[in-house]
Amino acid sequence: MPRDHGGNLDAAVARYGAGDWIDLSTGINRRPWPVPPLSQAAWRALPTAAAEAALVRSAAGWIGCAPGRVLAVAGATAAIQMLPRLLPGRRAAVLTPSYNEHAASLAAAGWQVSPAPDLAAMAGADLAVVVNPNNPDGREWPPEVLADLAARVGWLVVDESFADPRPDLSLAPALPGNAVVLRSFGKFWGLAGLRLGFVLAVPDLLARLREAAGPWSVSGPALEIATAAMSDRAWADEAVTYHGEASLNLDRLASRAGWQPLGGTHLFRLYHTPDAGAAQDRLARAHIWSRRFPYSDRWLRLGIPGHAGEWDRVRAALRS
């Protein structure tokens, strides 16, 4: 199954040339949390149980659940790849269109994967996968609706990689016993290079995931940085406010360019364009990289510019 992703800036450079690129193809926060100098222990020593426990407490406080339901992993993608080999069953339903790594990882593990256009179509599956809010169209479901879905499937995996600005959507505070929530650290905090994520589930499943991941799966620098970042509520509040306003501003600019806003999240927006290839080319000639999708010749996704200089370049490219 194909694995098509954003962040392929090498392809943009190869086609349009090197330069000062603005990568809006990923939905990663372009105003990252400011990383302070790290301790020598973070670099020189193997990660300790105490450091991991501190991160789990910080993450649980931010997400709103008990620390005993949280496991730190080397990126949400690591969990997406491990879970199909640990959960029972063979019939999976994946909300579609959505983040394609879920279906690809399930198929690679031998699951029979059926695309589902809505939640009703997922009933009876051994495993159901929902991204909330959804990538790329921003569809969202309240936690009580997902809890009802959990009662109608074997296991429910809810990918909340873009839910940090929307705690009202999270299933984590009242997690059903057969549900798994995935969180990505790198997107909202803008530090994707740390390769850090979280799995929220019952302790038995977390223990099996920990065994599958092996020792020291999260680096010392990642533990130290994320522990501090997820406790910085002032920065997080500012980031949510900025992106809430900025996403509406980007929609206005796109509408003036003749594109129809289709939805999105605080960190990215999706547009219906007359021709996605031409729209991407238009931006790329200004060294602004965007995201297209193999299943649509009209859809184009843009992340949120991070500062005034980036906004000026995006505005000029859309006017050209």
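Start with domain 1 and domain 2, whose C-alpha centres lie 26 Å apart. Select 9–32 + 234–319 for domain 1 and 40–231 for domain 2; these bounds come from an automatic or database domain assignment. This is a predicted model, in which local features need pLDDT of at least 70, side-chain atom pairs count only at pLDDT 80 or more, and totals for chains, interfaces and linings use all residues. Residues are numbered from 1 along each chain as its sequence is written, and side-chain values use heavy atoms, with hydrogens and water left out.

Next, look at the interface. Here 22 residues of domain 1 are in contact (heavy atoms within 4.5 Å) with 19 residues of domain 2. Select I28, L267 and F268: they supply 24% of the area that domain 1 buries against domain 2, more than any other three residues. Buried area is the accessible area (1.4 Å probe) that two parts lose on being put together, summed over both. Between the two domains it is about 1500 Å², and carbon and sulfur atoms give 73% of this.

Now go to D4, in the segment before α1 (9–16). Helices (H or I, at least four residues) and strands (E, at least two) are DSSP runs, numbered from the N terminus. D4 is partly exposed, because its relative accessible area is 28%; buried means under 20%, exposed over 50%, and partly exposed in between (1.4 Å probe, protein chains only). Finally, show N100, R291, R292 and P294, which D4 contacts when its neighbours within four places in sequence are left aside.
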